[in-house]
Amino acid sequence: MSPILADGDLVAVAALRVRTNDIAIVRSGSGFLIKRIASTGDTWVTLKSDNSETVSVFCHRRVERSKIVGRVIARFNRQKGLTGLFWDRFHREVPEPIHN
């Protein structure tokens, strides 16, 4: 998710339903990945990468919503400290929990 997130950043995740342009944690096999939501449907989302210099096999395909862990709301970077990515939006909206 470079340039928004760097290797080694820690992220805070809220178990909320994701929408277009949110950054989400997604279950993938035995691990997790972080991608931006490109589009959404009732039961699926498509993912995209912010880093135009890399290609991911996970992007531009439908992923079941059940694989979404939640929305990234903040990050901790050793040099920049705690940074809210979508903090204002998170506090303004009425949370819609994920129901898997």
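Mentor: Residues are numbered from 1 along each chain as its sequence is written. In this predicted model, local features need pLDDT of at least 70 and side-chain atom pairs count only at pLDDT 80 or more, while totals for chains, interfaces and linings use all residues, and side-chain values use heavy atoms, with hydrogens and water left out.

Trainee: In what order do the elements of the protein run from the N terminus on?

Mentor: The secondary structure comes to 1 helix and 7 strands, where helices (H or I, at least four residues) and strands (E, at least two) are DSSP runs numbered from the N terminus. Read from the N terminus on, the order of these elements is β-β-β-β-β-β-β-α.

Trainee: How many bridges join β3 to strand β4?

Mentor: Two strands are said to pair if DSSP finds at least two bridges between them. Strand β3 and strand β4 (residues 44–48) run antiparallel, form a hairpin with 3 residues between them, and include the bridge partners I37 and L47. The number of bridges that join β3 to β4 is 4.

Trainee: Which residue in the turn between β2 and β3 has a positive phi?

Mentor: Strand β2 (residues 23–28) and strand β3 (residues 31–40) pair in the antiparallel sense over 6 bridges, and S28 has G31 in β3 as its bridge partner. The two strands form a hairpin with 2 residues between them, and the residue in the turn with a positive phi, of about 60 degrees, is G29.

Trainee: Does R75 count as buried or exposed?

Mentor: R75 lies in strand β6 (residues 68–77), and its contacts (heavy atoms within 4.5 Å), not counting residues up to four places away in sequence, include D9, L10, K80 and L82. Buried means under 20% relative accessible area, exposed over 50%, and partly exposed in between (1.4 Å probe, protein chains only). Because its relative accessibility is 9%, R75 counts as buried.
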